[in-house]
Amino acid sequence: MVYSLAVRFLRDRAVAEELSQDVFLRCYRQLHLLESEAHVTAWLRRAICHRCIDEARKRKLRPKVDLDAMPELAARSGDSDVFLHGRLRRMVAALPEKARMMLLMRYQEDLDPLEIAAVLEMPVSSVKSSLHRALTALRGKFARVEVAK
Amino acid sequence: MQDDFEVQLRRALRPVEAPPDFAAKVLARARAQRVVAFPRWIAAVAAALVLAAGVGQAIHVERVRRAERARDQLILALRITKAKLDYTRQRLEKKNHDH
């Protein structure tokens, strides 16, 4: 979850790994404050989300290694349309930081808007409307690309 | 209810596994930080020892200063005593000479 969110969000494996390690180390240092496995999971999720958003804003990160040009792991390479998914990932990567993180939490981590709102410390209504806007924008862009093909 | 677009999006954003050596790297960093933390504790003890040594040195300097002052006072007292004895001896010699 931690590395996966970071690598999908930042699209840079090295930076994602470094940030993920930092988050795990901080978690290790604060373990005495965490009360349960669910608490640890929530803490890790919140920490990596905020670190990723901060990092993207700070460095205005652009991918050094394009994930779409790299082969996926063998166990997960059953997709019929690698190129379609690559296009979708590039479109998601072009979204503003918070919208991008919301989509990742919604479609990668399978969180509902209430859980996303808790992680990002935002009202649920804002999360719902942002998700809706981002999805609509992606659909429109995707449809235009498909028509242009 | 998800439409086809959302299904494709979910597949496109499926989780990525961490590198196989990820956990080992985190553990190595945690161990390294523990090693770094130990000298900090040592440094605190060393600082306390240096402080104690400084205080000890200051006490020693003060003792030496007191001893020197006492020695100077003793020398002065001996000089006064010697002067008085010389004077007394001179008086006695003069008295004997007069008789």
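Here are some worked exercises on a predicted model with chains A and B.

Local features here need pLDDT of at least 70 and side-chain atom pairs count only at pLDDT 80 or more, while totals for chains, interfaces and linings use all residues. Residues are numbered from 1 along each chain as its sequence is written, chains are lettered from A in the order in which they are written, and side-chain values use heavy atoms, with hydrogens and water left out.

**Exercise 1. Get to know chain A**

Task: work out how many helices and strands chain A has, and what percentage of its residues count as buried.

Solution. 
- Start with the secondary structure: chain A has seven helices and zero strands. Helices (H or I, at least four residues) and strands (E, at least two) are DSSP runs, numbered from the N terminus.
- Along the sequence, that reads α-α-α-α-α-α-α.
- Next comes burial: 46% of the 149 residues of chain A count as buried. Buried means under 20% relative accessible area, exposed over 50%, and partly exposed in between (1.4 Å probe, protein chains only).
- Now look at contacts, meaning heavy atoms within 4.5 Å. Take those in chain A with a separation of 6 or more: 66% of them come from residues 24 or more positions apart.
- Ala99(A) sits in helix H5 (residues 97-107) of chain A and is buried at 14% relative accessible area.

**Exercise 2. Size up the interface**

Task: find how many residues of each chain are in contact, and what area is buried between chain B and chain A.

Solution. 
- Count the residues: 24 from chain B are in contact with 33 from chain A.
- Then take the area, which is about 2900 Å², with carbon and sulfur atoms giving 59%. Buried area is the accessible area (1.4 Å probe) that two parts lose on being put together, summed over both.
- On the chain B side, Phe5(B), Leu13(B) and Arg14(B) lose the most area to chain A, together 24% of what that side buries.
- For polar links, there are ten residue pairs in polar contact between the chains (both at pLDDT 80 or more). A polar contact is a pair of N or O atoms within 3.5 Å; within protein, one must be able to donate a hydrogen and the other to accept it, and residues adjacent in sequence count only if both atoms are side-chain atoms.
- Helix H1 (4-12) and helix H2 (22-98) of chain B each supply at least two residues of the side that touches chain A.
- By class, that side of chain B has eleven nonpolar, three polar and ten charged residues. Ala, Val, Leu, Ile, Met, Phe, Trp, Tyr, Cys and Pro count as nonpolar, Asp, Glu, Lys and Arg as charged, and the others, Gly among them, as polar.

**Exercise 3. Track the salt bridges**

Task: find how many salt bridges there are over all chains, then look at some of the pairs.

Solution. 
- The total over all chains is 17, and the count between chain B and chain A is five. A salt bridge is a side-chain nitrogen of Lys or Arg within 4 Å of a carboxyl oxygen of Asp or Glu.
- One pair is Arg10(B) with Asp110(A), at 2.7 Å, N to O.
- Another is Lys25(B) with Glu17(A), the closest N and O atoms being 2.8 Å apart. This pair crosses from helix H2 of chain B to helix H2 of chain A.
- Leaving aside neighbours within four places in sequence, Glu17(A) is in contact with Tyr3(A), Pro19(B), Asp21(B), Phe22(B) and Lys25(B).
- Arg139(A) and Glu6(B) also meet in a salt bridge, at 4.0 Å, N to O. Arg139(A) lies in helix H7 (residues 124-148) of chain A and Glu6(B) in helix H1 of chain B, so the pair joins two chains.
- Here Arg139(A) is partly exposed at 29%, and Glu6(B) is buried at 12%.
- Inside chain B, Glu62(B) and Arg65(B) pair up at 3.3 Å, N to O. Both lie in helix H2, three residues apart, about one turn of the helix.
- Finally, Lys82(B), Asp86(B), Arg89(B) and Glu93(B) are linked in a network of salt bridges.

**Exercise 4. Check the cysteines**

Task: find how many disulfides the whole structure has over all chains.

Solution. 
- The search finds zero. A disulfide is a pair of cysteine sulfur atoms within 2.5 Å.
- For Cys49(A), the nearest cysteine sulfur is that of Cys52(A), 6.9 Å away.
- Cys49(A) is buried, at 0% relative accessible area, and Cys52(A) is buried at 0% too.
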